[in-house]
Amino acid sequence: VKLELLLMIEMKKLNLQAFISSGVNIVNNENRNDPETTEQSRIDFELSFEGYVLQVIKDFEKITFEVSGRRAQDAFFGGELNSKSTELSLAAHINWYPFFNPNVIDQHIVYLGAHYRYGISSLRNETTDEVGSYSLRTLPGFRLGVKYNFEGGFGYRIFGGFENINVERIETSQGGDTNLPNRANYTEAKLSLSLSKFF
């Protein structure tokens, strides 16, 4: 009991956790009538940092803030033809841990999260060889997950996320007339796995 108490006190001192994640979109947003423009690997790689800045306040110790950056590949139907997307984005998250505090050890910790995403996306259609630059945003996105922290300060996290991603054209290689959309949105339902480290 004393050892467990000491370990919990030690973890309490740690207020930052870093995550390296990879996920896949399980929703196919493509139109099968455009077989040339397709993305078989709808995956992303994400780096994030979660801070326990409110852990000193008893009523808010189950709430954390997280920032993340990711590179994601996807494809979706843009109104005329499919568009392949390569995304670079940042997101700001707020997470709530209803059962256990986020930095307890040797326990499966369930959490709920909401986030805002903003970034840029390069869209491409293989049939017409058009390329476009787009702004990208999500408000809000949602996550449900579980994480596990080991005694040595390492851990893992598994989560599912849902976003309705909106893109808006900045410019295209064709100028005014293009088969790429002016605006579009697509659904992302993602399953992800993370490895983590406390600092």
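Two aromatic rings from Phe, Tyr or Trp (for Trp, the six-membered ring) count as a pair when their centres lie within 6.5 Å. Go through this predicted model with that rule in hand, and you end up with six aromatic pairs.

Now look at where the two partners come from. Phenylalanine 76 belongs to strand β3 (residues 63-77), while tyrosine 186 sits in strand β8 (residues 183-198). That puts them 110 residues apart, so the pair links distant parts of the chain. Both phenylalanine 76 and tyrosine 186 are buried, too.

Next, have a look at Tyr148, Phe150 and Tyr156, which ring pairs join into a cluster.

Arginine 157 lies over the face of phenylalanine 19, 3.7 Å from the ring centre. Over at phenylalanine 154, it's lysine 197 that lies over the face, at 5.2 Å from the ring centre.

Time to step back and take in the whole chain. Take the contacts between residues at least 6 apart in sequence: 68% of them join residues at least 24 apart.

The protein exposes about 10,600 Å², and carbon and sulfur atoms supply 61% of that.

Terms used: Residues numbered from 1 in each chain as written. Predicted model: local features only at pLDDT ≥ 70, side-chain atom pairs only at ≥ 80, totals over all residues. Heavy atoms only, no water. Phe/Tyr/Trp six-rings, centres within 6.5 Å; stacked < 30°, edge-to-face > 60°. Helix = DSSP H or I, 4+ residues; strand = E, 2+ residues; numbered from the N terminus. Buried < 20%, exposed > 50% of the residue type's maximum accessible area, 1.4 Å probe, protein only. Lys NZ or Arg CZ within 6 Å of the ring centre and 35° of its normal. Contact = heavy atoms within 4.5 Å. Areas by Shrake-Rupley, 256 points an atom, 1.4 Å probe, with all protein chains shown as cover.
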